[in-house]
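Keep the structure open while you read.

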Amino acid sequence: MCKSSFFILLLLALFSCQKAQLDSVPRHMRGQGRFSRYASEGSPERKDSSTAPVPTKPDVYVTAFRFSPDTQLVLFKNGAELLHLSALGKADPERHRIIGGELWCDYTDGSSTFVYCNGEERFRFAGEELLRGFYKSGNDVHTLGQRQGKEGLCYRVNGMEKFSSATGTIFGSIYDQGWPGGAFCADETGIYYSYGVPKKRDNRFIWEHRIMKESQLFKLLPAENELSIYDIRVLNGSVYRTEQRPELPGSLTLVKDDEIFSLGIATGENVHYCKLVPAGNELLVKGMSTFTAFGNYSFWLRSASESRFSVTSLNPIMDLWNNEGKSAYITLNGNLVNHIFVDGKALDVPSLKYKLSSGRCVDFDKGVFAAALNNPDGEHLLLVDNQLSRLNFDGYFTSLSIE
């Protein structure tokens with residue numbers, strides 16, 4: 001807006017402007033815990049930097065269970081309540097997820113499984129399944145359900161069975177970081193998942209692994225003695241897996257199709273966690289090690305050829321996140337959050353006051369780090385980069401997604 005200390009100049013300026021120039025939101029109004037999205041709008045005649053749109057941050061969605069007055073499933077968007085639903089049956093944090101800003105949840109009454117979007121039923125099917133894979137493609141919803149007990153698994157599209165196996169254990173779940181589809185991995189080549197089938201040999205069971213492309217068998221990994229496979233994923237048509245091979249004792253390996261790469265685990269490391277995580281056009285191995293001799297903990301990211309990132313702490317490290325070449329990690333003291341580090345810097349989060357219900361309450365995507373922290377007193381904390389917003393309710397956060 002044109003400014004002048006003289007009234008007459010102000011009038012002249014007002015009459016000479018054909019269209020008002022809207023200022024962008026003042027800096028002191030941004031980041032006050034609301035995480036609102038702002039953009040400045042400029043006159044089409046002017047193309048200088050002052051009229052360029054202000055970059056907007058992605059939206060941060062959070063789900064929570066709220067227990068008062070009755071149990072509700074709540075969806076928050078940028079710290080504000082967007083909707084709430086009655087939590088059908090048992091309040092199970094594994095039975096809901098955020099996809100494109102919508103709240104998808106499922107419920108079973110023991111004989112049938114129901115799938116809802118924002119509280120409206122989309123489809124149902126007979127049987128009880130825990131959906132370890134959930135992926136939306138256009139108007140189609142792909143689900144991968146683990147049946148209860150030893151009754152195997154089922155792949156469905158919009159509730160219609162496309163493939164099932166009477167036996168088998170699914171690889172992956174909704175807790176797998178970096179895979180929005182949970183046990184599914186999807187790209188332009190197709191939608192994939194994998195499962196293991198026990199085979200009895202010499203009075204013991206070993207595992208055969210089957211990689212599926214939708215309803216068709218894509219690759220079979222025969223059961224082998226002494227071979228331990230920790231994770232299987234598909235990227236651009238190549239099958240990746242992390243495994244311990246008998247011919248390479250003490251060495252964790254990354255296998256891409258038929259290529260085997262030793263990850264160079266140091267002597268004395270006890271590896272407890274080794275998952276495949278996407279990083280652009282490649283998959284990295286994320287692992288946690290303990291060094292018993294020193295009593296410390298290490299989390300690391302490794303490619304087939306090199307170590308990409310590692311951090312060691314005297315306190316247990318909950319998990320490690322990687323985005324756009326930057327890494328974040330959280331240290332714990334007991335079950336309380338000790339410190340949160342992003343790109344090597346500690347964020348301003350009160351120590352030993354908050355808990356994380358699971359790794360689903362943390363996300364690092366689109367250049368933004370966010371975490372939803374629970375407090376037993378009901379004063380919960382939503383962290384977006386280094387900005388804090390407090391939400392008071394009787395309950396706890398269950399998941400977070402940056403959209």
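## Arg66 and its partner

The side chains of Arg66 and Glu81 are joined by a polar contact of 2.8 Å. Keep in mind that this is a predicted model, so every distance here comes from computed coordinates.

Where does Arg66 sit? You'll find Arg66 in strand 1. Is Arg66 buried or exposed? Its relative accessibility is 15%, and because the cut-off for buried is under 20%, Arg66 counts as buried. Leaving out residues up to four places away in sequence, Arg66 touches Thr71, Gln72, Val74, Glu81, His84, Phe393, Asp394 and Gly395.

## Strand 1, covered on both sides

Strand 1 runs over residues 60–66. How many of its residues are buried? Seven of the seven are, so strand 1 is largely enclosed by the rest of the structure.

With strand 33 it pairs in the antiparallel sense over seven bridges, and Val62 stands opposite Leu400 of strand 33. Strand 2 is also antiparallel to strand 1, and six bridges join the two. Here Thr63 stands opposite Leu75 in strand 2. Strand 1 and strand 2 make a hairpin, with five residues between them. As for what holds such partners together, strands of a sheet pair through backbone hydrogen bonds, either parallel or antiparallel.

## The nonpolar cores

The largest nonpolar core has 34 residues. Which residues have the most contacts inside this core? They are Ile340, Phe369, Leu373 and Phe397. Strands 1 (60–66), 2 (72–77), 26 (326–333), 27 (336–342), 29 (362–365), 30 (368–373), 31 (379–384) and 33 (395–402) each give two or more residues to this core. Strand 30 gives the most, with six residues.

Not counting residues up to four places away in sequence, Leu373 touches Val337, Ile340, Val349, Tyr354, Lys355, Leu356, His380, Leu381 and Phe397. Apart from this core lies another one, of 22 residues, and Leu235, Leu254, Leu263 and Cys274 are among them.

Strand 10 (residues 153–157) pairs with strand 11 in the antiparallel sense, over five bridges. In that pairing, Cys154 has Ser164 of strand 11 as its bridge partner.

Strand 9 (residues 140–147) holds Thr143. At 0% relative accessibility, Thr143 counts as buried. Its contacts, not counting residues up to four places away in sequence, are Phe123, Leu131, Gly133, Phe134, Cys154, Tyr155, Arg156 and Phe184. Cys154, the bridge partner of Ser164, is one of these contacts of Thr143. Thr143 and Glu129 are 14 residues apart in sequence, and their C-alpha atoms are 9.9 Å apart in space.

## A buried serine in a loop

Ser173 belongs to the loop between strand 12 (169–170) and strand 13 (185–187). Why does Ser173 count as buried? Its relative accessibility is 14%, and the cut-off for buried is under 20%. Beyond its neighbours within four places in sequence, Ser173 is in contact with Arg132, Gly182 and Ala183.

## The chain as a whole

Zooming out, the protein chain has one helix and 33 strands. Of its 403 residues, 46% are buried. The accessible surface of the chain comes to about 20600 Å², and 50% of that belongs to carbon and sulfur atoms.

Among contacts in the chain with a separation of 6 or more, residues 24 or more positions apart account for 36%.

Note on methods
Residues numbered from 1 in each chain as written. Predicted model: local features only at pLDDT ≥ 70, side-chain atom pairs only at ≥ 80, totals over all residues. Heavy atoms only, no water. Helix = DSSP H or I, 4+ residues; strand = E, 2+ residues; numbered from the N terminus. Buried < 20%, exposed > 50% of the residue type's maximum accessible area, 1.4 Å probe, protein only. Contact = heavy atoms within 4.5 Å. Areas by Shrake-Rupley, 256 points an atom, 1.4 Å probe, with all protein chains shown as cover. Core = buried A, V, L, I, M, F, W, Y, C linked by side-chain atoms within 4.5 Å. Pairing = 2+ DSSP bridges. Polar contact = N/O pair within 3.5 Å; in protein donor to acceptor, adjacent residues only side chain to side chain.
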